[in-house]
Amino acid sequence: MTDKISLTRYLVEQQRVHGRIPPELRLLIEVVARACKRISISVNKGALGEILGSADTENVQGEVQKKLDVIANEVLIEANEWGGHLAAMASEEMDSIYVVPNRFPKGEYLLMFDPLDGSSNIDVNVSIGTIFSVLRKQHDDPTIIDPVCEADFLQPGRQQVAAGYCVYGPQTTLVLTVGDGVAMFTLDREQGSWVLTQDQVQIPADTKEFAINMSNMRHWDAPVRRYIDECLQGKEGPRGKDFNMRWVASMVADVHRILTRGGVFMYPWDKREPDKPGKLRLMYEANPMGWLVEQAGGAATNGRQRILDIVPGKLHERVSVVLGSRNEVERVTGYHLEADEATAKA
Ligand code: P6P
């Protein structure tokens, strides 16, 4: 295991040695990490904390909120609003952006998060997680601190300055990138501190494991059906090898497995809601996960283009997601482009 290095030391070294992050960004990440520690305490209480079940409210996505969704959202807002490092926040659980109140100093950064991803798993004690992404507020004129608005958030994922998630599973693990590879920190509950347990994470380019919700198969587009059919044909099929399948229905858990041992994760467009590009959200799910996967040597597309190059049109924009082992993502993306070419020629 890597020498016992704390999250604080890792971030200080990223700031001082590598000059990669300024002090305000280091502070932001530490505050988010502390909020995740607080969320893990609530998650771990389960039924003892009277926090399971529905909050009897709906979020902007039209999804019924769990009590823990609301709690996690409040923890992240309260932890981050006073520090002076943020201009505003955006969350899967809030219709519009949350501008830092005037009673607090404002900073340069924009924080987006899915406070508790995988909510359907909360009541059945399966891993869930918090996903976060950080952008810098773009200024035409850096001398003017203009008021922040939703348009400030609509930047492509390649503009992120930090991204990560915390998975609340058998271990509570914080996974982070600031553009210098991917580092994993395990929560030492006795010390209450994050300890570096893996650095420079690398995803194998090839895999024998795919993650997709197979119950949607009849709704998929042809390129996705082609790819999955070939995997299911195993050794006797065109892939010449057998594949395994996993689907936790918690993106954080599925991505963590892929960062740990490889694999390909897919949540593609399907014809049930043809006007929706996909189920997952670009700004606070696909972008942070896409950057983490790329920083670990993998790839992330929407089936046709790099996720991090997509310019968002709205805050809660949805997107199709294919991410993980580079060679598999390139194969799936190639099938989509081949199908588009055939359609164009027809
Ligand atoms: P389904 C959780 O609700 C989520 O947003 C992702 O974490 C997860 O990958 C996906 O939806 C699961 O969707 O349709 O399989 O329940």
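Why is helix α6 (residues 282-295) largely enclosed by the rest of the structure? Because 13 of its 14 residues are buried, where buried means under 20% relative accessible area, with exposed set at over 50% and partly exposed in between (1.4 Å probe, protein chains only). Helices here are DSSP runs of H or I with at least four residues, strands are E runs of at least two, and both are numbered from the N terminus. After α6 comes Gly-297, whose phi is positive, near 90°.

A bit of housekeeping before going on. This is a predicted model, so local features need pLDDT of at least 70 and side-chain atom pairs count only at pLDDT 80 or more, while totals for chains, interfaces and linings use all residues. Residues are numbered from 1 along each chain as its sequence is written, and side-chain values use heavy atoms, with hydrogens and water left out.

Now look at strand β17 (residues 321-324). Side chains in a regular strand alternate between the two faces of the sheet. In β17 both faces are covered: Val-321 and Leu-323 are buried on one side, and Val-322 and Gly-324 are buried on the other. Strand β13 (residues 264-267) runs antiparallel to β17 and is joined to it by four bridges; strands count as paired if DSSP finds at least two bridges between them. Tyr-267 sits opposite Val-321 in this arrangement. Strand β15 (residues 299-301) also pairs with β17 in the antiparallel sense, over three bridges, and Ala-299 has Gly-324 as its bridge partner.

Step back to Ser-320, in the loop between β16 (318-319) and β17. Ser-320 has a relative accessible area of 9%, so it counts as buried. Not counting residues up to four places away in sequence, it touches several residues, among them Tyr-267, Thr-301 and Ile-307; contact means heavy atoms within 4.5 Å. The side chain of Ser-320 has a polar atom 3.0 Å from the backbone nitrogen of Trp-269, and a polar atom of that side chain lies 2.4 Å from the backbone oxygen of Pro-277. The C-alpha atoms of Ser-320 and Asn-302 are 4.7 Å apart, though 18 residues separate the two along the chain.

Of its 34 lining residues, Glu-63, Tyr-267, Lys-279, Leu-280 and Arg-281 lie nearest the centre. The elements giving two or more residues to this lining are β2 (64-66), β5 (109-117), β13 and β14 (280-281). By class, the lining has 10 nonpolar, nine polar and 15 charged residues. Here Ala, Val, Leu, Ile, Met, Phe, Trp, Tyr, Cys and Pro count as nonpolar, Asp, Glu, Lys and Arg as charged, and the others, Gly among them, as polar.

As for cavities, a search of the whole structure finds one of 30 Å³ or more. Its lining includes Tyr-267, along with Trp-220 and Asp-270. For the grid-minded: on a 1 Å grid over the protein atoms alone, a cavity is a set of points where a 1.4 Å probe fits but cannot get out, and a pocket is an open set with protein on both sides within 12 Å along at least five of seven lines; lining residues have an atom within 4 Å of a point. Points are joined across faces, edges and corners, and a volume is the space filled by probe spheres set on them.

How values were computed: A polar contact is a pair of N or O atoms within 3.5 Å; within protein, one must be able to donate a hydrogen and the other to accept it, and residues adjacent in sequence count only if both atoms are side-chain atoms.
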